[in-house]
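Me: I would like to go through this structure in short questions and careful answers. Could you take the overall fold as the starting point and then turn to single residues?

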Amino acid sequence: MVDVLAAVGGSTAAIGYGLAAIGPGIGVGLVFSAYIQSTARQPESSRLTLPYVWIGFAVIEALALLGIAFGFIWAGEF
């Protein structure tokens with residue numbers, strides 16, 4: 001009998017980034033849910049907390065973009 005092994009074709013970096021995108025997705029949801037809750041509790045502070053929301057969002061998304069960049073670098077694809 002001949003043993004046949006299945007070969008994985010394509011880039012495994014795409015699978016890795018797909019799994020790594022779960023973290024930033026949860027992080028963005030937590031940042032905006034915290035902003036909504038704080039605005040609901042104290043509406044007059046919404047203008048003070050909004051810049052922090054965008055800074056948190058930008059940091060989380062930057063980490064997600066670094067994840068995809070490192071995935072392609074480690075896979076050897078540019």
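Me: Which pattern does the protein follow when read along the sequence?
Reply: The model is a predicted one, and the reply should be read with that in mind. The protein has three helices and zero strands. Read along the sequence, this gives the pattern α-α-α.

Me: How much of the span of residues 14-36 is helix?
Reply: In an unreviewed entry, UniProt lists residues 14-36 and 48-75 under "transmembrane region". In the predicted model, the C-alpha atoms at the ends of residues 14-36 lie 33 Å apart.

Me: What share of the 78 residues in the protein is buried?
Reply: The protein exposes about 6200 Å², and carbon and sulfur atoms supply 72% of that area. A residue counts as buried when its relative accessible area is under 20%. Among the 78 residues of the protein, the buried share is 14%.

Me: What accessible area do the residues of the nonpolar surface patch have together?
Reply: The patch is formed by Y52, I55, V59, L63, L66, F70, I73 and W74. One of these residues, I73, has its place in helix α3, which covers residues 46-75, and I73 is partly exposed with a relative accessible area of 44%. Taken together, the residues of the patch have an accessible area of about 930 Å².

Me: Why is the pair of W54 and F57 edge-to-face?
Reply: The count of aromatic pairs comes to three. For W54 and F57, the ring centres are 5.9 Å apart, and centres within 6.5 Å are needed for a pair. Planes over 60 degrees apart count as edge-to-face, so the pair of W54 and F57 has this geometry because its planes stand at 90 degrees.

Me: Which residues form one aromatic cluster?
Reply: W54 and F57 both lie in helix α3, three residues apart, which is about one turn of the helix. W54 is partly exposed at a relative accessible area of 45%, and F57 also counts as partly exposed, at 27% relative accessibility. The aromatic cluster consists of F32, W54 and F57.

Me: Is S46 buried or exposed?
Reply: S46 lies in helix α3, and its side chain reaches the backbone oxygen of P43 at 3.2 Å. The relative accessibility of S46 is 18%, and the cut-off for this class is under 20%, so S46 counts as buried.

Me: How far apart in space are I22 and A64, C-alpha to C-alpha?
Reply: I22 is found in helix α2, which covers residues 22-41, and I22 is partly exposed with a relative accessible area of 49%. Along the sequence, I22 and A64 are 42 residues apart. In space, their C-alpha atoms are separated by 9.5 Å.

Me: What distance separates the C-alpha atoms of A20 and A64?
Reply: A20 belongs to helix α1, made of residues 12-20, and A20 is partly exposed, with a relative accessible area of 43%. A20 and A64 are 44 residues apart along the chain. The distance between their C-alpha atoms is 7.7 Å.

Me: What distance separates the C-alpha atoms of G67 and G16?
Reply: G67 has its place in helix α3, and G67 is partly exposed, with a relative accessible area of 32%. Along the chain, G67 and G16 are 51 residues apart. Their C-alpha atoms are separated by 9.0 Å.

Terms used:
Residues numbered from 1 in each chain as written. Predicted model: local features only at pLDDT ≥ 70, side-chain atom pairs only at ≥ 80, totals over all residues. Heavy atoms only, no water. UniProt positions renumbered as here; feature names shortened; annotations may be inferred. Helix = DSSP H or I, 4+ residues; strand = E, 2+ residues; numbered from the N terminus. Patch = residues over 30% accessible without salt bridge, like charges linked within 9 Å, V, L, I, M, F, W, Y side chains within 5 Å. Areas by Shrake-Rupley, 256 points an atom, 1.4 Å probe, with all protein chains shown as cover. Salt bridge = Lys/Arg side-chain N within 4 Å of Asp/Glu carboxyl O. Buried < 20%, exposed > 50% of the residue type's maximum accessible area, 1.4 Å probe, protein only. Phe/Tyr/Trp six-rings, centres within 6.5 Å; stacked < 30°, edge-to-face > 60°. Polar contact = N/O pair within 3.5 Å; in protein donor to acceptor, adjacent residues only side chain to side chain.
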